[in-house]
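Please view the structure first, then read on.

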Amino acid sequence: MKIAIYIRQYTAENESILQQLFSLFTPDDQVYIEQEILSELQLRSDKFNSAKSFASFEDLNTSYDVMLTIGGDGTLLKGITYVRSLQIPILGINAGRLGFLATAHKDDLPNVLEQLRKGDYQVVERSVIEAVFADTGEPVDTVNFALNEITVTRKNTASMITVDTELNGDYLCSYWADGLIIATPTGSTGYSLSCAGPVILPTAKNFVLTPIAPHNLSARPVIIPEDAEVKLSISGREKKFLMSLDSHIKSIPNKQSIIVRKAPFVVKMIRLEGDSFIKTLRSKLLWGEDKRNK
């Protein structure tokens, strides 16, 4: 197999997981590790000398069989910025806490590798959203997409902002709030959920608009079709607002309206045998743990 491995930061635990993986690799496996992490590992041990490095999206291509991320959901989200539209299937090995996305367990690596080699898994396509400037159609930044959510929030002020929102050219409403989240089904269990947004199954063809601490009490999350275009125009006391695309944050002038829409590519996530979103949901949110259910 040709394998890319992404780790967000070096830790002794991550090195231990990598050592276990390397003990399971065969001489025919081609292993590539993110450049900075590989340099750190090779300073500490010669066990990783057989690995090669990658530093950016441009270093990868469609010849890779899988990308493994080691960490939590945040690590997997960062790893996606290296894959982008290459359609390399991604599997997260959970060394973090929650793990809605990184579902492979670090204590089950022999079974994980065996399933990958045999092809005993499903590839689930996850929708991605992107942000462009409304007047030019240009991307808001080099990385202008998100798997979880795109969020607009206030900057350098305790005052609310006003988010004028249009849906396919029709005026929806003006949110007086701390901000607004546009979440994918994948992101519906993240920031949006903590702001009282609904849980959406990953295969649903919908997005959700979830206001953050709205002052207009009738403002509620709205589920929209994934082919809808959302136009956002921001005003407030400050001249700029913040836009976050998963973990990537950019400052944008108020005068620039933004279009948020479905990206022209999907992210391919690996679902191992025995895993399911419903099972993960029940486990992570402790549904059914009430003693009255027993």
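How many salt bridges are there between domain 1 and domain 2? The count is zero. The model is a predicted one, and the text below goes through this interface before turning to pairs elsewhere.

**The two domains**

Domain 1 covers 2–120 + 273–285, and domain 2 covers 128–264. Taken over C-alpha atoms, their centres are 30 Å apart. Domain 1 brings 12 residues to the contact, and domain 2 brings 14 residues.

**What the interface is made of**

The size of an interface is often given as the accessible area lost when the parts come together. Here the area buried between domain 1 and domain 2 is about 1,000 Å². Carbon and sulfur atoms give 81% of that area. On the side of domain 1, three residues stand out: L77, R84 and F277 supply 47% of the area that this domain buries against domain 2.

Salt bridges between domain 1 and domain 2 number zero.

Which elements give two or more residues to the side of domain 1 that touches domain 2? They are α3 (73–83) and α6 (277–284). The largest share, four residues, comes from α3. By class, the residues on this side of domain 1 divide as follows.

| Class | Residues on the side of domain 1 that touches domain 2 |
|---|---|
| Nonpolar | nine residues |
| Polar | one residue |
| Charged | two residues |

**Aromatic pairs**

The structure holds six aromatic pairs. A pair of aromatic rings is described by the distance of the centres and the angle of the planes. For Y6 and Y82, the ring centres are 5.1 Å apart and the planes stand at 40°, so the pair is tilted. Y6 lies in strand β1 (residues 2–7) and Y82 in helix α3, so the pair ties together parts that are 76 residues apart in sequence.

**Salt bridges**

Side chains of opposite charge can pair when their charged atoms come close. Across the whole structure, a search finds seven salt bridges. One of them joins the side chains of E13 and K106, at 2.2 Å from N to O. This pair links distant parts of the chain. E13 sits in helix α1 (residues 12–24), while K106 sits in the loop between β6 (104–105) and α4 (109–118). The two residues are 93 residues apart.

Notes: Residues numbered from 1 in each chain as written. Predicted model: local features only at pLDDT ≥ 70, side-chain atom pairs only at ≥ 80, totals over all residues. Heavy atoms only, no water. Domains from an automatic or database assignment. Contact = heavy atoms within 4.5 Å. Buried area = accessible area lost by both parts, 1.4 Å probe. Salt bridge = Lys/Arg side-chain N within 4 Å of Asp/Glu carboxyl O. Nonpolar A, V, L, I, M, F, W, Y, C, P; charged D, E, K, R; others polar. Phe/Tyr/Trp six-rings, centres within 6.5 Å; stacked < 30°, edge-to-face > 60°.
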